[in-house]
Amino acid sequence: TINEATFAATSNGENISVKGKHRLANDVERVVQEHLTYVREEMCDGWDLIHEEGKMKVYRREVEENGIVVDPLKIFHSIQGVTGHEICHYFWEYQYRMEWETTLDSTKIIEALDQDTVIFFQMHKRVWPTAQRDSCFWSHIRCISNSEEDQPTWLVVNYTTPHPLAPIKPPQVRLIANVAMICETIINEPPLNPKDIKRENIQCKLAYVAFVNPGGWVPSAAVRNVAKREYPRFLRRFTSYVIEQTRDKPILF
Ligand code: H15
């Protein structure tokens, strides 16, 4: 039956894949659903608007765990002329990463779990006088249809996972992250024939959500200053990159 376990668990709690699903498929499913729920929650108590620029709004909630800053962050933005599929495509695909990322020394794919899920190992630029950070995470892209009429929601989730090909080598410190890019496409004044939709008629409503734990103590003020500066910089640069890349291409719905 459909409810039959798709996974077997080994005695030490690891997942192994059964029936053609990969070993992390359960985790991917759970985290995707959590993001879809979380992104719809109201921004109220405790959320500070820390940056506003055009249609971009950056919110943060100040949270510390054992003295380490782990502030949840949410950015909302609206970008003219691109679709959610395009935004997610350029965010997920390995081949474009170093063209828009300015916070990395390197990136590589160490495993492909399925067509839509890969495991990345990335070396981050050293931003302050502490150990360099690396990251190892599964990255999943998905299209969710809501109804016949509406454009689908596209999303990418990046979620930290251990991997035998990426052991932590001190003094290197590993970032722990749970990040999602969630996009909806709006079509303004839709023409009768869908083939006549032009880039000037479309708009992408984007939400970027990040839970990042620096993986070791960093002075709180330093993390918060860097975050406040770097997240808007990233989204500005990344969205201009997508606009630039797609300008003369057919619209990817
Ligand atoms: O989301 C972004 N980049 C992707 C693709 O490279 C990776 C990201 C990720 C980050 C860390 C671990 C795993 C995955 O999802 C854009 C990221 C922009 C980052 C802006 C820098 C913010 C600095 C926040 C301080 C964290 C503490 C560092 C010591």
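**Notes on the aromatic pairs**

1. Phe211 comes out as partly exposed, with a relative accessibility of 27% (buried is under 20% relative accessible area, exposed over 50%, partly exposed in between, using a 1.4 Å probe and protein chains only). Keep in mind that this is a predicted model, where local features need pLDDT of at least 70, side-chain atom pairs count only at pLDDT 80 or more, and totals for chains, interfaces and linings use all residues. Residues are numbered from 1 along each chain as its sequence is written, and side-chain values use heavy atoms, leaving out hydrogens and water.

2. There are 15 aromatic pairs in the structure (rings of Phe, Tyr and Trp, the last by its six-membered ring, with centres within 6.5 Å; planes under 30 degrees apart are stacked, over 60 edge-to-face, the rest tilted). Tyr38 and Phe211 make a tilted pair, because their planes sit at 50 degrees, with ring centres 5.2 Å apart. Tyr38 is in helix H1 (residues 25–39) and Phe211 in strand S14 (residues 202–213), so to speak distant parts of the chain, 173 residues apart (helices, H or I, of at least four residues and strands, E, of at least two are DSSP runs numbered from the N terminus).

3. Tyr38 itself is buried, at 16% relative accessible area. Lys74 lies over its face, 4.2 Å from the ring centre (NZ of Lys or CZ of Arg within 6 Å of the ring centre and within 35 degrees of the ring normal).

4. Phe120 and Phe137 are stacked, with 5.5 Å between centres and 25 degrees between planes. Both Phe120 and Phe137 are buried, and Arg97 lies over the face of Phe120, at 4.2 Å from the ring centre.
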